[in-house]
Amino acid sequence: MDTPAPLLAPTKALAQRQGFGLRALYFLYYLATAAWLPFLPVYLREVGLPGVQVGVITGVGPAVQVLCQPIWGLIADLRGRRRALLFAMLAAAILLPGYAGPRTFWLLAGWAVLCGFFANAITPLIDSLTLDHVEERRSGSYGSVRCWGAIGWGAGGLLIGRVLMGRDLRLSFVIAGILMLIGLAVNVLVVRETRLNKSFGKHWRGAGQLLRQPRLLVFLGLMVLLQMGSAAVWSFHSVYLSELGASRWLLGASVAVRGLSELPVFLVSAAIIRRLGVRPTLILATAVFGVRELAYSLIRIPEVSLIV
């Protein structure tokens, strides 16, 4: 297995700069995502699309992600992860406001494919840079950096929900594009690539042997089922609350609560895994997720969503 080659000496000053940049990137990216993604299904309903078409458009993102990840992996190997991240963020910032234009199913679905191709690359690229940073420092944890994404998501839900009160929902796409550009500036000015990945052309080596392991196939199948349930919830969560009478501020607040509830988990995730082990932790997290989503189906007063 190839190990990424170091590009820069991991000095203390460089590590602190990189840590700040990655935290800011997580915060701004999830702030931007919270500005538009939770409100997209409501916007689609407002322009007159039926539930099936809303589900198709909101489900395009995960489907595109499966197809685009190998492509972005090759781009990152050839041009570097930081450059790939710059390109993906710039394209997403330009494309997001375009959701405010088309109002027909096919145009919106096509736009979702195009936007999803670039937007879905951002989180894995930041994750990769973060894991390198944590490994080089040999202290701290991935969760201590990634938790800033949860803070950004929570802040975005509260702030954007308030901003959109009484305003056109198309404003959310413009705000998201602007926030993405600010994140792009942080990437340009602060973040550096500290390792060079030289695994180009070797991504699929041993894949056949790996996929012949029954336990892995069962695990992957269970993850597919879990993500199907998660996608269904995220596609219609905001629509469901809107039909119960939730205001846009309440929609944003519900998004914020969901995001901020992740914060303590990220902060203590390393300790939980050390104490329980990876498998029990995964089972526990999946069970809690299932109970939480079932609880949403019992809600009849939208304000109750804030405590679920």
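The questions below go from the whole chain to single residues.

Modeller: This is a predicted model, in which local features need pLDDT of at least 70 and side-chain atom pairs count only at pLDDT 80 or more, while totals for chains, interfaces and linings use all residues. Residues are numbered from 1 along each chain as its sequence is written, and side-chain values use heavy atoms, with hydrogens and water left out.

Biologist: What radius of gyration does the protein chain have, and why does it agree with a compact globule?

Modeller: The radius is taken over C-alpha atoms, and the globule rule is 2.2 Å times the number of residues to the power 0.38. The C-alpha atoms fill a box of roughly 55 × 40 × 35 Å along the principal axes. Because a compact globule of 308 residues would have a radius of gyration near 19 Å, the value for the protein chain agrees, at 20 Å.

Biologist: What share of the contacts with a separation of 6 or more comes from residues 24 or more positions apart?

Modeller: Contact means heavy atoms within 4.5 Å. Of the 308 residues, 43% are buried, where buried means under 20% relative accessible area, exposed over 50% and partly exposed in between (1.4 Å probe, protein chains only). Among contacts with a separation of 6 or more, the share from residues 24 or more positions apart is 85%.

Biologist: How far apart do the centres of the positive and negative side chains lie?

Modeller: Lys and Arg count as positive and Asp and Glu as negative, while His and the chain ends are not counted. Each charge is placed at NZ of Lys, CZ of Arg, CG of Asp or CD of Glu. There are 29 positive and 13 negative side chains, and the distance between the centres of the two sets is 4 Å.

Biologist: Which residue forms a salt bridge with Arg81, and is Arg81 buried or exposed?

Modeller: A salt bridge is a side-chain nitrogen of Lys or Arg within 4 Å of a carboxyl oxygen of Asp or Glu, and the structure holds four of them. The partner of Arg81 is Asp132, at 2.7 Å from N to O; this pair links distant parts of the chain, with Arg81 in helix H4 (residues 81–95) and Asp132 in helix H5 (residues 105–137), 51 residues apart. Asp132 has a relative accessible area of 8% and is therefore buried. At 5%, Arg81 likewise counts as buried.

Biologist: Which residue meets Arg45 in a salt bridge?

Modeller: The N to O distance in this bridge is 3.6 Å, and the pair links distant parts of the chain, from Arg45 in helix H2 (residues 40–46) to a partner in helix H9, 198 residues apart.

Biologist: What is the distance between the closest N and O atoms of Glu46 and Arg248?

Modeller: Glu46 and Arg248 form a salt bridge that links distant parts of the chain, Glu46 lying in helix H2 and Arg248 in helix H10 (residues 248–260), 202 residues apart. The closest N and O atoms are separated by 3.1 Å.

Biologist: Is Pro41 buried or exposed, and which residues does Pro41 touch?

Modeller: Pro41 lies in helix H2, and its relative accessible area of 1% means that it is buried. Not counting residues up to four places away in sequence, Pro41 touches Val54, Thr58, Trp234, Ser235, Ser238 and Val239.

Biologist: With which residues is Ser238 in contact, leaving aside neighbours within four places in sequence?

Modeller: Ser238 is in helix H9 (residues 214–243) and is buried, because its relative accessibility is 5%. Leaving aside neighbours within four places in sequence, Ser238 is in contact with Pro38, Pro41, Val42 and Leu251.

Biologist: Where is Ser242 found, and which residues is Ser242 in contact with, leaving aside neighbours within four places in sequence?

Modeller: Ser242 is found in helix H9 and counts as partly exposed, because its relative accessible area is 26%. Its contacts, with neighbours within four places in sequence left aside, are Val42 and Leu251.

Definitions and conventions
Helices (H or I, at least four residues) and strands (E, at least two) are DSSP runs, numbered from the N terminus.
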